[in-house]
Amino acid sequence: MRIFIGIKIHNNFQFASIKKALPYDGIKWVKEDNLHLTLLFIGQASDKQVLQIHETLKRVVPNFSGLDIGIHSLGQFHKRKKGGILWLGIQKKPSLKQLQKHIQEEIIAILPELSIQHSEYTPHITLARFKTNSSNIKSIENYKIDNIPLQHIPEVILYKSRSTPNGVQYVALEKYDLKNKS
């Protein structure tokens, strides 16, 4: 099964207004139910590996406090040929970075083959994918991200990615509570 570790993002950040402000052809918007912040993409995993990952997350995640994340920018990742990803940038907080880094280190200890695919972590929420040349999407530089409240994150989720006739669906396999802030 295809899996990743992430954080559920609730639609309190003006997703509809962003879609309205950027009405481009060739953009495939992410379904609102699929909005998330990936902490670690794993990819294909056997049932045995999923169980190992579950046991690791059950042990590791409760050692970290719940955190608040804020959205600060709109940007693009470009693919080598053409097209790319439209994303919302997350404020880089030490608590988020520590959580992500620790999870990555612990999972790579049990799945060392993942180490070659992971480099510097760039926290972001994928909003859309586009196939056209990104020069058509220049107005994102002028789009202002205003008045988006912080979102409290109480848990980390192990997701399964499932293809359906209506597009990709992310299913929570397990949820791991972060400890309450003191």
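Setting aside neighbours within four places in sequence, T126 is in contact (heavy atoms within 4.5 Å) with V30, L35, H36, I85, L86 and W87. T126 lies in strand β7; strands (E, at least two residues) and helices (H or I, at least four residues) are DSSP runs numbered from the N terminus. Because its relative accessibility is 15%, T126 counts as buried, where buried means under 20% relative accessible area, exposed over 50% and partly exposed in between, with a 1.4 Å probe and protein chains only.

The model is predicted: local features need pLDDT of at least 70, side-chain atom pairs count only at pLDDT 80 or more, and totals for chains, interfaces and linings use all residues. Residues are numbered from 1 along each chain as its sequence is written, and side-chain values use heavy atoms, with hydrogens and water left out.

**Overall architecture**

The protein chain holds three helices and 10 strands, in the order β-α-β-β-α-β-β-β-α-β-β-β-β from the N terminus. Of its 182 residues, 44% are buried. Contacts between residues at least 6 apart in sequence join residues at least 24 apart in 78% of cases. The chain exposes about 10,400 Å², of which carbon and sulfur atoms supply 49%; accessible areas come from the Shrake-Rupley method with a 1.4 Å probe, and for residues only the protein chains shown count as cover.

**Nonpolar core**

A nonpolar core is a set of buried Ala, Val, Leu, Ile, Met, Phe, Trp, Tyr and Cys residues joined through side-chain atoms within 4.5 Å. The largest one has 47 residues, and those with the most contacts inside it are I5, W29, L39, I42, I53, I103 and I107. Helix α3 (residues 94–110) provides the largest share of this core, five residues. Beyond four places in sequence, the residues that I5 touches include L37, L39, I42, I53, I103, I107 and V156.

**Largest pocket**

A pocket is an open set of points on a 1 Å grid over the protein atoms alone, with protein on both sides within 12 Å along at least five of seven lines; a 1.4 Å probe fits at its points, and lining residues have an atom within 4 Å of a point. The largest pocket contains about 1,200 Å³ of space. Its lining comprises 43 residues, of which H36, I85, T126, R129 and Y170 lie nearest the centre. Elements giving two or more residues to this lining include β1 (2–8), β6 (84–90), α3, β7 (124–130) and β10 (167–177). Strand β3 gives the most, with six residues. The lining divides into 16 nonpolar, 18 polar and nine charged residues.

**Contacts across the sequence**

H124 is placed in strand β7. Leaving out residues up to four places away, H124 touches H36, L37, T38, F77, W87, L88 and I90. L178 belongs to the segment after β10 and counts as buried because its relative accessibility is 6%. Outside four places in sequence, L178 is in contact with V61, F64, S65, G66, L99, I153, P154, E155 and V156. The table gives C-alpha separations for selected pairs.

| Residue pair | Separation in sequence | C-alpha to C-alpha distance |
|---|---|---|
| H124 and L86 | 38 residues | 9.6 Å |
| T126 and L88 | 38 residues | 6.6 Å |
| L178 and P154 | 24 residues | 5.5 Å |

Methods:
Grid points are joined across faces, edges and corners, and a volume is the space filled by probe spheres set on the points. Ala, Val, Leu, Ile, Met, Phe, Trp, Tyr, Cys and Pro count as nonpolar, Asp, Glu, Lys and Arg as charged, and the others, Gly among them, as polar.
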